[in-house]
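Subject: Structure handover

Hi,

Here is the structure I promised to pass on to you. Please open it next to this email, and I will then go through what turned up in it.

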Number of protein chains: 2
Amino acid sequence: MSTTQAMIKSRQTEKEINGIRTQVVCTEFSDHIFVVLTQYGKIGTLVLVTPDSKSSDVSTPMFSTKVLMGKDEPLTHVCAKNLATPVSQEAGNRPVLLGLALKDSSIEAVKLMRDLIKSCQVW
Amino acid sequence: MSTTQAMIKSRQTEKEINGIRTQVVCTEFSDHIFVVLTQYGKIGTLVLVTPDSKSSDVSTPMFSTKVLMGKDEPLTHVCAKNLATPVSQEAGNRPVLLGLALKDSSIEAVKLMRDLIKSCQVW
């Protein structure tokens, strides 16, 4: 390995999802992937999504979610898990630190948001 | 106000501080300023630094620090307050979400880190 580390990789993009302007910023750190998905320009609720190391079955990994900042609501955990799981899996099972400030948390919107995050891949 | 929000402002830079490569990433959100200061490429310990709204004396604002993720050590609170206070004050008293992964937390290094963060101003 080179002694010179790369710059910290960061990308952002935006798209209208169900008529709502949605911005995403993804930044790669060696210990976490940081993703903010916002429809308010805020970081909003900060959720840590961690792959469960106890899970022995690779095909169905488990993830735990913890709200670090902001309102701790059941829907937040569901959305966070849904959005961060593919990121973590593609990033060598790194935990994902996810900021969520959503006006629209419908299943349909979340699916489109997954694609939006994917389009902003830094991992 | 325009209906078109600006892109999320993000900048990064790096510098050797006491011989250690130090990277900083600053990102502006409407509710928080997000700053990562890292000598390991990690987010490290995540600290929320919030100005105390109860403080009536504007000239000596108080800040509270809370470790959201990682080791909760007294030195982390001291460093975080020292590094984030000028950011918050310049950013209209917005709270600062600060990631810290430092090899060198000496007073001298922290002073140079304040300048490094300042050089990466997005607020």
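Let me begin at one end of the sheet in chain A, where strand 1 and strand 2 run antiparallel and are joined by eight bridges. Please keep in mind throughout that this is a predicted model. Within that pair, A:Thr13 stands opposite A:Val24 of strand 2. The two strands of chain A form a hairpin that leaves two residues between them.

A:Asn18 sits in the loop between strand 1 and strand 2 of chain A, and its phi is positive, about 50 degrees, although the residue is not a glycine. Most residues other than glycine have a negative phi. With a relative accessible area of 38%, A:Asn18 is partly exposed, since it falls between the 20% limit for buried and the 50% limit for exposed.

You will find A:Asn93 in the loop between helix 1 and strand 6 (96-101) of chain A. Its relative accessible area is 45%, which makes A:Asn93 partly exposed.

What is the order of its strands? In chain A, six strands form an open sheet in the order 1-2-3-6-4-5, with mixed pairing. Strand 1 (10-17) and strand 5 (63-69) of chain A are the edge strands, each pairing on one side only. On average, neighbouring strands of this sheet are turned by 20 degrees against each other, direction ignored.

Stepping back, chain A holds two helices and six strands, and along the sequence they follow the pattern β-β-β-β-β-α-β-α. Of the 123 residues in chain A, 52% are buried. If you take the contacts in chain A between residues at least 6 apart in sequence, 59% of them join residues at least 24 apart.

Next come the helices. Two packed helices are described by the angle between their axes and the distance between the axes. In chain A, helix 1 and helix 2 pack at an angle of about 30 degrees, and their axes are 10 Å apart. Helix 1 of chain A is therefore roughly parallel to helix 2 of chain A, as angles under 35 degrees count as such. Helix 1 of chain A passes helix 2 of chain A in a right-handed crossing. Among the residues making this contact are A:Cys79, A:Leu83 and A:Val87 of helix 1 of chain A, and A:Val110, A:Met113 and A:Ile117 of helix 2 of chain A.

While you are in helix 1 (residues 74-90) of chain A, have a look at A:His77, which is found there. Is A:His77 buried or exposed? Its relative accessible area is 19%, so A:His77 counts as buried, the limit being under 20%. Leaving aside its neighbours within four places in sequence, A:His77 is in contact with A:Thr65, A:Lys66, A:Val67 and A:Asp72.

Finally, a spot in chain B. B:Ala91 has its place in the loop between helix 1 and strand 6 (96-101) of chain B. Its relative accessibility is 4%, and B:Ala91 therefore counts as buried. Which residues does B:Ala91 contact, leaving aside its neighbours within four places in sequence? They are B:Ile33 and B:Trp123. B:Trp123 lies 32 residues from B:Ala91 along the chain, yet their C-alpha atoms are separated by 5.4 Å.

Happy browsing, and do write back with any questions.

Best wishes

Technical notes. Residues numbered from 1 in each chain as written. Chains lettered and ligands numbered in written order. Predicted model: local features only at pLDDT ≥ 70, side-chain atom pairs only at ≥ 80, totals over all residues. Heavy atoms only, no water. Pairing = 2+ DSSP bridges. Helix = DSSP H or I, 4+ residues; strand = E, 2+ residues; numbered from the N terminus. Axes fitted to C-alpha atoms, helices over the stretch in contact; angles between N-to-C directions. Buried < 20%, exposed > 50% of the residue type's maximum accessible area, 1.4 Å probe, protein only. Contact = heavy atoms within 4.5 Å. Parallel < 35°, antiparallel > 145°, perpendicular 65-115°, else oblique. Left-handed = near helix turned anticlockwise from the far one by under 90°.
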